[in-house]
Amino acid sequence: MSSFYEDEGRFRGILGWIFSTDHKRIGLLYLLAIFAFSAVGVLLGFLMRLELMAPGPTIMRPQTYNAIFTLHGVIMIFLFVIPGIPAIFGNFFLPIQVGARDVAFPRINLLSWWIYMAGAGLAVLSLFTGGGPVDTGWTFYVPYSLRTPVNVPLAVFAVFILGFSSILTGINFVTTTHQLRAPGMTWFRLPLFVWAIYATAWVQILATPVVGITLLLTLMERLAGVGIFDPLKGGDPILYQHLFWIYSHPAVYIMILPAMGIISEIIPVFAQRTIFGYKAIAFSSLAIAVVGSFVWGHHMFVSGQSDLASIIFSLLTFLVAVPSGVKVFNWVSTLYKGSIEVSPPLLFALTFIFLFSIGGLTGLFQGALATNVHLHDTYWVVGHFHYVIFGGTGFAIFGALHYWFPKMFGRRVGKKIPYLAWALLFVGFNTLYFPMLILGWEGMPRRYYDYLPQFHSLHLVSTVGSWILIAGLILMFGHLIYSLFRGEKERLENPWGGATLEWQIPSPPPRENFAEIPRVERGPYEFR
Amino acid sequence: MENHRNDGGSKLGMWLFLLSEILLFGGLFILYSVYRFQNPQIFHLAAEALNRPLGVLNTLVLLTSSLTMALSIFFLKKGSPGRSLLFLASTLFLGILFLFNKYLEWTWKVQLGIYPDAPRLLERERGEVLFYGLYYSMTGLHGLHVLVGLGILSVMLFFILKNKINHNHSVPLENTGLYWHLVDIVWIFLFPLFYLIT
C-alpha cells in the first residue's frame, strides 16, 4: 500500500500539500512552519543572552532589546509552544490513535493551518509597518500598550487571528475523540496522549475566546479610543490583566498538558510495562484543565487585586500542583521493575521529569503570597518558566520527534548522535537557566537591559550556557534532518514494540491510515 | 477519497463553537458587571438616555426572526423547501431590519456627539464614558455577529434553491439556526442590561 507521501489527491506537488485535508500532511505543514518560527525565537533568545553577557550596552540599543524580548515571547508562545504539540503531533497521531481515517472536520483542519499562517504573516508584517516592532512584552499590558508608538494594533490582531486557529483545532479534536473512535475503543482504552490532547482541546475552546475579546478591545482602544482599559477615561488596567490571564494562565496548560501526554506514551513503551495508574493520569489531565482555569490571579499578587482574591488564588495554585504530582509519581512507578531501554525518546522523557520537577517546585515559591512579593518580576520567574516550558514541553517535543520519527517519515534515527546532542542540551539548558533562578533570588529584575555589576558573573555563565544549548539544538536537528534524507529505511511497523494503534499500521502510514477500521480489543499499554 | 458525512459530529462541533462564542461575549459581560458595580448611579442615568422604544422594537424583531428560523428548519425537515425558503427569507429580512434600526440608533447618538473618543463624551463623567464604551463594543460585536449571520443565511438560501440541503441533509440549516438563536440570546441579555435596568 502506498504511503500518504505518494498519494497526491486532487493537486500535484506543493499544492498537493497546502490544499491537502489529510491530517498527516497538515501535521507536517504545521511542523515545518512551527519549527521555522521556533528557530527565529531561538535566534532572538541568543541575541538577548549576548546583550546581557556584560553590563551596559553590548551589541544593541535598549529599544532594540525591548523589541527582541517581546518578539522572543510572542513567537515562542503564540507561534511555537501553544500550537506546537497539538497541531503537529496531535494532528498526525490523534486520529490514528483513536482508530479513525481523519479528524472530524478535515477541511476546517486545513483552514486552521491557513489561519495560523495568516496570523503568523500579520505578526511578521507588524514588524515592518506602523511604528515598528512591538516593545510591550508578550503580555501587551495596558496602559503602556495604549501609549507606545509602536505597531501594537497589528500585533494584537495577529494574535487574535492565531487564537481563531487554536479554537478550530480544539473543536476538531474534541469532536474527533467523541465521534470517531473505532469500535471497541472505549474511553479507557484511549492512549493517554489522546486524553491529554482532549483535555487541552477543551481549554483551547473555552479559554482562547477570552483573550480574543481582550485583544480585540485593546485593538479598538488603539483605533477608536473606546476607553474600557484606559485609566484616563475611567477604564481599569487591572481588568485587562484579569481578562488576559483568564486565558494566558490556562494557556500554559495548553503548552504542558500535551507534553505530559507524550511522556505517558514514551515511558510505558520503553519500560515495556503497563502504565501505572492509567485512570489517575487520564483524570489528572482533566483536573489540571479544570483547576488550571481558576488560578490566573496568581499573576497579579502585586498588581492591586484584593487580598482575599490573592489568598484564594494562592490556595488554588497549590491545588493545581497535585494532579501534576500524581502524574510524576505514576510515571516513575511505571518504570519500577520494567525492562527499561534508555533509547533517545526515553532519555528525553526522563529529562522532562527531572526538569519539569524543578520547574514545578520553583513554581510553588511563586504561588506563596509572601515569597511572591520578593520573586515577582525577577529572573526567578524567567528561570521557572523556562524550566517548565522548555525543560518540560521542549524536551517532550524532542522525545516525541525521536519516538515518532520512524512512523512519520519511514526512516530511522542514528543511534549515537542523539545521546551526544542530549548531553549538550542537558548541560547547556541547566547552565543557561539555573543561574537565572539564583539571579532572581538575589533581586535581578526581568526584562532589564542593564544590570548592577554583582550580577555579572551569573549572567555570563548563563550566556555561555546558551551557546552550549544552541550547539545541542543544531546537532540534534541537523542529525534529524540528515536522517530524514539519508537515514536507514524503517521497514518495521513497530520498531519500539508499542501497543497503540499507530504502531499497527505501515511506516509511514497509508493515505487513509487503516485499510479497514480496526476493532480494538485491548488497552493501549498491554504489551504481552 | 470517500465522502465522510457525520451529522452528529457536525452538531457537536457547532455546539463547541457556540461555547467559544459565549465565552467571547462573556469577557464583555464581566467588564460590564464590574463597571456597573463601580458606577451604579451613572449607569442608571445613562441607560435612561438610550432609545427604549427602538430597543423594544429590535427585541421583538429578533425574537420573531428566531421563530421564523425555527419554522424554516421545521419545514425543510418536513420536506417542503418552498415554505422553508419563505421563512428563511423572512429571517433574513428581519435581520436586516434589526441592523437598520441599530444603524438609526447609532447615528442619532453620533449626531449628539456621543461616540468613542468624542470630545463631548470625554467631558462627561468617567462612568458615562465607560457606559458608552461598553454600549458600542457590545452592541457592535453583536451587530457584527448579526451581519455574519445574514451572510450565512444567504448561503443557506442559495443551498436550498440548489437542493444542496433538503429533508435528507438538513444539518447545515440546523447549525445556522443554532448560531442565529445564539445571536438572539446574546441580545436578550444585552437589551435589559443597557435599556431596562435603570
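This is a predicted model: local features need pLDDT of at least 70, side-chain atom pairs count only at pLDDT 80 or more; totals for chains, interfaces and linings use all residues.
Guide: A residue counts as buried under 20% relative accessible area, as exposed over 50%, and as partly exposed in between.

Visitor: At 24% relative accessibility, how does Arg446(A) count?

Guide: Arg446(A) counts as partly exposed, because its relative accessibility is 24%. Asp377(A) is also partly exposed, at 37%.

Visitor: Which residue forms a salt bridge with Arg446(A)?

Guide: The rule asks for a side-chain nitrogen of Lys or Arg within 4 Å of a carboxyl oxygen of Asp or Glu. Asp377(A) is the partner of Arg446(A), with 2.4 Å between the closest N and O atoms. Arg446(A) sits in the loop between helix 14 (417–441) and helix 15 (456–486) of chain A, and Asp377(A) in the loop between helix 12 (369–375) and helix 13 (379–409) of chain A, so the pair ties together parts that are 69 residues apart in sequence.

Visitor: What does Glu488(A) pair with, and how far apart are the closest N and O atoms?

Guide: Glu488(A) forms a salt bridge with Arg412(A), and the closest N and O atoms are 3.8 Å apart. Because Glu488(A) lies in the segment after helix 15 of chain A and Arg412(A) in the loop between helix 13 and helix 14 of chain A, this pair ties together parts 76 residues apart in sequence. Glu488(A) is exposed at 53%, whereas Arg412(A), at 28%, is partly exposed.

Visitor: Where do Glu105(B) and Lys102(B) lie?

Guide: Both lie in helix 4 (residues 81–111) of chain B, three residues apart, which is about one turn of the helix. Elsewhere, salt bridges with shared partners join Asp22(A), Lys24(A) and Arg511(A) into one network.

Visitor: How many salt bridges are there over all chains?

Guide: The count over all chains is twelve.

Visitor: What describes two packed helices?

Guide: Two quantities are used: the angle between the axes and the distance between them. In chain B, the axes of helix 1 (residues 7–38) and helix 7 (residues 171–196) come within 10 Å and cross at roughly 10 degrees. Helix 1 of chain B is therefore roughly parallel to helix 7 of chain B, since angles under 35 degrees count that way. The crossing of these two helices is right-handed. The residues of their contact are 17 nonpolar, two polar and five charged.

Visitor: At what angle do helix 3 and helix 4 of chain B pack?

Guide: Helix 3 (residues 52–78) of chain B packs against helix 4 of chain B at about 160 degrees, and the axes are 8 Å apart. This makes the two roughly antiparallel, because the cut-off for that word is over 145 degrees. Helix 3 of chain B passes helix 4 of chain B in a left-handed crossing. Their contact divides into 14 nonpolar, nine polar and three charged residues.

Visitor: How many residues of helix 6 of chain A are buried?

Guide: The number is 24 of 28, so helix 6 of chain A is largely enclosed by the rest of the structure. Helix 6 (residues 152–179) of chain A reaches 41 Å from its first C-alpha to its last, close to the expected 40 Å.

Visitor: Is Gly84(A) buried or exposed?

Guide: Gly84(A) is buried, because its relative accessible area is 1%. Gly84(A) belongs to helix 3 (residues 62–98) of chain A.

How values were computed
Residues are numbered from 1 along each chain as its sequence is written. Chains are lettered from A and ligands numbered from 1 in the order in which they are written. Side-chain values use heavy atoms; hydrogens and water are left out. Helices (H or I, at least four residues) and strands (E, at least two) are DSSP runs, numbered from the N terminus. The expected span of a helix is 1.5 Å times one less than its number of residues. Buried means under 20% relative accessible area, exposed over 50%, partly exposed in between (1.4 Å probe, protein chains only). Axes are lines fitted to C-alpha atoms, for helices over the stretch in contact, and angles run from 0 to 180 degrees between N-to-C directions. Angles under 35 degrees count as roughly parallel, over 145 as roughly antiparallel, 65 to 115 as roughly perpendicular and the rest as oblique. A crossing is left-handed if the near helix is turned anticlockwise from the far one by less than a right angle, and right-handed if clockwise. Ala, Val, Leu, Ile, Met, Phe, Trp, Tyr, Cys and Pro count as nonpolar, Asp, Glu, Lys and Arg as charged, and the others, Gly among them, as polar.
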